[in-house]
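Welcome, and thanks for taking a look at this one with me. Below are a few numbered points to read alongside the structure.

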Amino acid sequence: MVRYVYDFTEGGRDLAGLLGGKGSNLAEMTRLGLPVPPGFTLTTEACRAFLATGSEPAGLWEEVSAHLSALEASAGRLLGQPDDPLLLSVRSGAKFSMPGMMETILDIGLNDDSVLGLAKVSGGERFAWDSYRRLVQMFGSTVMGVDSASFERSLAAMKDLRGVRDDVHLTASDLAELVETYKELIRLETGEHFPQSPAEQLRRAVLAVFESWNGERARLYRRREHIADDLGTAVNVQRMVFGNLGADSGSGVAFTRDPATGRPGLYGDYLPDAQGEDVVAGIRNTVSLSELARLDPESYARLRAHTETLERHYRDLCDIEFTIERGTLWMLQTRVGKRTAEAAFVLAAELADEGLITPDEALARVSGEGLARLMFPRFDASATGAVLARGVPASPGAAVGAVVFDTTRAVRRAAAGEKVVLVRQETTPDDLPGMIAAQAVLTSRGGKTSHAAVVARGMGKVCVCGAEELAVDTGARRFTAADGTVVEEGAVVSVDGSAGAVYAGPVPLVDSAVIRYLEGGRGDEGARGVVDAVARALSRADAVRRLEVRANADTPEDAARARRFGARGVGLCRTEHMFLGERRKLVEQMILAGTDAERDRALADLLPLQRRDFTGILEAMDGLPVTIRLLDPPLHEFLPDHTDLAVRIAAAEARGEEPDAHDVDLLSAVNRMHEENPMLGLRGVRLGLVVPGLVAMQVRAIGEAVAGRLLAGGAPRAEIMVPLVGDVRELRLVREEVRRVLADVSRAAGVTVDCPVGTMIELPRAALTAGRIAEEAEFFSFGTNDLTQTTWGFSRDDVEAEFFSAYLDKGVFPVSPFETLDRDGVGRLVSLAVAEGRATRPDLTIGVCGEHGGDPDSVHFFHTAGLDYVSCSPFRVPVARLEAGRAAL
Ligand code: ADP
Ligand code: MG
Ligand code: MG
């Protein structure tokens, strides 16, 4: 018999999948003996069953009734009981936190009768009507589908009528009148009455929460956060407690440490005489918790004690929602809190210092993605211009963009390639698309726990909130700064989410403290905490990881930087970049050569240039392996564009002139070499086998560079890598030539030059015949970009922009296979090639040099697949080190 309902006293944090994050943590707090209003949770399984069939699973309401009866018995009153109503909240709560993305309905159980009872027993007539008003509004919009703006308009009209600015100045009879207006609005828009039956209210609210799982903004959020669409949400039904019962009541949110910096100390916002929704909505400006300590020292002391209990129990930063009802503190929610990348590193180091977690757990708590964020540049402090405003530094980083005042424009302008900064008084969940599109979010209201701040932090987006001196005029699409400066839509501003400052115009960027540390500096004083924490995480990762990290580098400068960042060699040195610029002419000559002698001459001119490049890189990576890939792209990539040439020739002819002979030669070469599908054409090893002298020239350049370094007393370790091999015979032919040339070089130089020869595995056939290929290959390097293209049959240049977004929408894959390795398909080829390659040659060195080498999830896969190293761009090297360490935990 499946069970769909769990009392808070029955669950626990281990049941997050079934009870959702909120429900399982409410149960955990209950178990810890913290003051949690009683209640029960309908499981995600019930939600899944409902969403799959469109109706509630059998037995659900019987179970709900039984739990409700128990709740009523313990409270000593019934749901909606006219003279003294028990009121409930109905709260969504999925396995992974989706702040504000789904629905919550408060004050279930109020109706035309019980509102009078509530007024009497609470001694607050205004409070009772305000609660009823909130219920009708929330229920009307969430459950019955009336646009919430209609309610807001009626509320605004009422305030205008009474000449008051704030809700709190409306009287009980104003609110009673408003309830009537709301009910009428619902009737007009839906043809239905607001349900008076508490049981019906409860049932419909529960179903609405189930349905909110598939709401548009919830779906968008999940896509962005890579949360699966089929998890469903749990629903928590809980006795209401009231923060809006007067000055000795209130609601707040707290973090056990500062979620922006990770520094210790209880941190949060409090709003006296308010329900919790008002705090996150940023409707009124909150006060700090130190103010709460002054207003209500006893509740504050209890809050401190409870938060300490929670942090010790969860051994992590917790965030908490609480409400004080007439001096009694209630805990309404907790979870392991979202944090900035900086806070994650600092916190991990501090919790390890405090002995709450082990060094390995500390490593598990940080991420490569977070580290990448800390490596982003920040503003040059010496170049900042006029400060337009200061606000709360809610989510760090530096962003420059044109200001926009609504989500639609943010999305539109960003889609057109513009960088934008979304400016709002406060954000709501409806602003999510705009926040995703923007470089930064700037609000004039709300604290570090406002919607804007929480969501931006989760997305790693720059955010300054609560910049109160800004007068934001959304309608006129401009804001006015404290000094009177008016900033219109489209004007560029710079937002510093770390300092909480906004500057007029673009401010130049400089390296982050973490980059300066990685470059061998010490970072500046102010950033010492985070730099030390990063250093500790990296050194732990280096100690535990099994994967080596190399870099993709084509120049000595890149190789040197990669080495400073911790790379232990070059995993991919592309030689085609060395054929560009000035040298293009030489490549042209090689291609156009009519005779062997002409071609040899062109190759002979290229040789010293290539040798110089290799020498520099081998020097920068002295003592470490440098894997040099022979020329890969089709040769016509080095020739001019067909249309350009044809136009030039036609123009000359039109002028009655003789076209340039060289142009004519080039055009015929371009025509001769044209390929319908160059990606699958004459490239890679095929070039080497077809163009005489090309491999010999490149190998000679490598061999001579090695010889030169040896004679200079260095320790060069060049490896020669053959691209796009599909069959062992291709590799055998190239390898014979390599041997011949290197023997020649050794003889001439008087030193033995010996370079291992290996191949890229980037065609399915290579993976499938890896056992044979390993007979000739001394190492493998997976070219996962091409392997992904050829396995899926996707042309990367053609598919990513347009149809991938449709594929992502339709859920064919949750993330582009060019970004994160497709384990099921491409990954199987990798695993197969590893196994068969090593079966042939047990000491085969195996690495990966595609873009995936620096992608955290893919790094974990390569670790599991048993590779020896990953190779990625120099700036990803620290990220790969960290993730390789985390993969080994
Ligand atoms: P979210 O997931 O969006 O944070 P919640 O379910 O936490 O939504 O509900 C939003 C707010 O409603 C809470 O922060 C809290 O202040 C208020 N709330 C929810 N349940 C209760 C309750 N039982 N008593 C008082 N307030 C509640
Ligand atoms: Mg909440
Ligand atoms: Mg390739």
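1. A quick definition before we start: a residue counts as buried if 20 or more other C-beta atoms lie within 10 Å of its own, as exposed if 12 or fewer do, and as partly exposed in between. Please keep in mind that this is a predicted model.

2. Let us begin with His451, where that definition is needed. His451 has 24 other C-beta atoms within 10 Å, so it is buried. Its place is in helix α18, which covers residues 451–459.

3. The unreviewed UniProt entry lists His451 under "active site", together with Cys849. These two span 399 residues in sequence, and the farthest two C-alpha atoms are 40.4 Å apart, so they do not all gather at one spot.

4. Is Cys849 buried or exposed? With 28 other C-beta atoms within 10 Å, Cys849 is buried. You will find Cys849 in the loop between β30 (845–848) and α35 (856–865). Leaving aside residues up to four places away in sequence, Cys849 touches Asn552, Gly571, Leu572, Ser781, Gly783 and Ser871.

5. Now for the domains. The assignment gives domain 1 (42–239), domain 2 (250–336), domain 3 (341–371 + 513–534), domain 4 (378–510), domain 5 (545–576 + 612–633 + 696–887) and domain 6 (635–674). Taken over C-alpha atoms, the centres of domain 1 and domain 3 are separated by 43 Å.

6. Where does ligand 1 lie? Domain 1 and domain 2 both give residues to its shell, so ligand 1 lies between them. There are 20 residues around ligand 1, and Ser89, Arg91, Thr104, Gln238 and Gly276 come nearest. Elements giving two or more residues to this shell are β3 (88–94), β4 (104–108), β5 (233–239), α10 (276–281), β9 (318–325) and β10 (328–336). The largest share, 3 residues, comes from β3. By class, the shell has 10 polar, 6 nonpolar and 4 charged residues.

7. Two backbone angles deserve a look. Most residues other than glycine have a negative phi. Arg315, although not a glycine, has a positive phi of about 50°. Arg315 sits in the loop between α12 (297–314) and β9, and it is partly exposed, with 14 other C-beta atoms within 10 Å.

8. Arg477 also is not a glycine, yet has a positive phi of about 55°. The loop between β18 (471–473) and β19 (478–480) holds Arg477. Because Arg477 has 17 C-beta neighbours inside 10 Å, it counts as partly exposed.

Definitions and conventions: Residues are numbered from 1 along each chain as its sequence is written. Chains are lettered from A and ligands numbered from 1 in the order in which they are written. This is a predicted model: local features need pLDDT of at least 70, side-chain atom pairs count only at pLDDT 80 or more; totals for chains, interfaces and linings use all residues. A residue is near a molecule or strand if its C-beta atom, placed from the backbone, lies within 6 Å of it. Helices (H or I, at least four residues) and strands (E, at least two) are DSSP runs, numbered from the N terminus. Ala, Val, Leu, Ile, Met, Phe, Trp, Tyr, Cys and Pro count as nonpolar, Asp, Glu, Lys and Arg as charged, and the others, Gly among them, as polar. Domain bounds come from an automatic or database domain assignment. UniProt positions are given in the numbering used here, feature names are shortened, and annotations may be inferred rather than shown by experiment. Two residues are in contact if their C-beta atoms, placed from the backbone, lie within 7 Å.
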